[in-house]
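Subject: Structure handover and notes

Hello,

Here is the structure I promised to pass on to you.

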Amino acid sequence: MPGVVLPDCPNLVNALHPLDAPPPGAGWNHAELADLLLPTASMEAAVLVGLVPRADGTQVLLTRRTDGLRHHGGQVSFPGGRVEPHDRDATAAAMREAHEEVGLMAAQIAPLGLLDPLLTITGFRILPVVALIDPAYVARPDPNEVADVFEVPLAFLLDPDNLMTQMLEYRGLPRAVLEFRYPVQRIWGATASILLNLRQRLENCDA
């Protein structure tokens with residue numbers, strides 16, 4: 001699997017930060033959230049942006065969180081969570097969380113590189129880890145955290161026409177929130193922002 005090249009995304013690795021050189025900085029969206037962030041340091045988190053090579057095109061592995069979770073309950077997300085003290089780095093944290101939440105084994109995950117860090121209004125600095133996922137995987141979601149596991153075509157998520165901006169009111173001010181026009185699940189917020197960052201890095205790599 002590590003030698004797999006995605007024909008619909010041949011420049012993927014070149015568009016990513018190396019695994020051993022995580023990007024610094026608060027987050028590429030810091031300016032958008034500056035008036036919402038607490039003065040304390042953000043908590044470090046990592047998510048696994050899993051790409052599954054299929055015969056009909058690359059798929060992106062996503063989950064829908066259970067409704068009762070404290071953070072982002074009921075929302076579509078990537079497997080992931082807080083970087084714990086015993087995690088070697090963000091990649092190790094993302095792989096551990098993918099195993100705990102979805103049942104992915106380390107041998108089924110081939111990390112490729114990193115996207116830019118993203119801040120959330122819940123106080124996390126998320127580092128997305130892009131990885132190939134063995135298409136033979138069988139999802140075993142933890143019902144305490146994950147209500148559903150599904151795949152979405154990468155081509156759909158990289159098409160600018162499928163991404164829209166919704167204006168919401170938060171703390172008395174209008175806020176722009178990204179959302180994909182996906183008919184089955186609502187893909188929005190931090191997950192949509194991470195996918196936008198992937199698209200932009202691929203576009204800059206191809207330019």
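First, a word on the elements: helices (H or I, at least four residues) and strands (E, at least two) are DSSP runs, numbered from the N terminus. Running from the N terminus on, the protein chain reads α-β-β-β-β-α-β-β-β-β-α-β-β-α. That comes to 4 helices and 10 strands.

Please keep in mind that this is a predicted model, in which local features need pLDDT of at least 70 and side-chain atom pairs count only at pLDDT 80 or more, while totals for chains, interfaces and linings use all residues. Residues are numbered from 1 along each chain as its sequence is written, and side-chain values use heavy atoms, with hydrogens and water left out.

**The chain overall**

Of the 207 residues in the protein chain, 48% are buried (buried means under 20% relative accessible area, exposed over 50%, and partly exposed in between, with a 1.4 Å probe and protein chains only). The accessible surface of the chain comes to about 10200 Å², and carbon and sulfur atoms account for 54% of that; these areas come from the Shrake-Rupley method with a 1.4 Å probe, and for residues only the protein chains shown count as cover. With contact taken as heavy atoms within 4.5 Å, 67% of the contacts between residues at least 6 apart in sequence join residues at least 24 apart.

**The largest pocket**

Rolling a probe the size of a water molecule over the atoms shows where empty space is left. The largest pocket has a volume of about 630 Å³. Among its 24 lining residues, the closest to the centre are Leu 33, Ile 121, Ala 176, Val 177 and Gly 189. Two or more lining residues come from each of helix 1 (30-33), strand 6 (118-119), strand 9 (163-170), strand 10 (173-180) and helix 4 (189-206).

For the terms: on a 1 Å grid over the protein atoms alone, a pocket is an open set of points where a 1.4 Å probe fits, with protein on both sides within 12 Å along at least five of seven lines, and lining residues have an atom within 4 Å of a point. Grid points are joined across faces, edges and corners, and the volume is the space filled by probe spheres set on the points.

By type, the lining divides into 14 nonpolar, 7 polar and 3 charged residues. Here Ala, Val, Leu, Ile, Met, Phe, Trp, Tyr, Cys and Pro count as nonpolar, Asp, Glu, Lys and Arg as charged, and the others, Gly among them, as polar.

**Helix 1 and strand 6**

His 30 lies in helix 1 and is partly exposed, with a relative accessible area of 36%. Leu 119 sits in strand 6 and is buried at 4%. From His 30 to Thr 120, 90 residues apart, the C-alpha separation is 9.0 Å.

Which side chain does Glu 179 join through a polar contact? The partner is Arg 186, at 3.3 Å. A polar contact here is a pair of N or O atoms within 3.5 Å; within protein, one must be able to donate a hydrogen and the other to accept it, and residues adjacent in sequence count only if both atoms are side-chain atoms. Glu 179 belongs to strand 10 and counts as buried because its relative accessibility is 11%. Beyond four places in sequence, Glu 179 is in contact with residues including Asn 162, Gln 166, Trp 188 and Ala 192.

Gln 185 is in the loop between strand 10 and helix 4, and is buried at 12%. Its side chain makes a polar contact of 3.1 Å with the side chain of Asp 148. Leaving aside neighbours within four places, Gln 185 also contacts Arg 64, Val 76 and Phe 150.

Asn 197, in helix 4, is buried at 4% relative accessibility. Not counting residues up to four places away, Asn 197 touches Trp 28, Leu 115 and Asp 116.

Ala 110 lies in strand 5 (residues 109-114) and is buried at 8%. The C-alpha atoms of Ala 110 and Val 130 are 8.7 Å apart.

Best wishes
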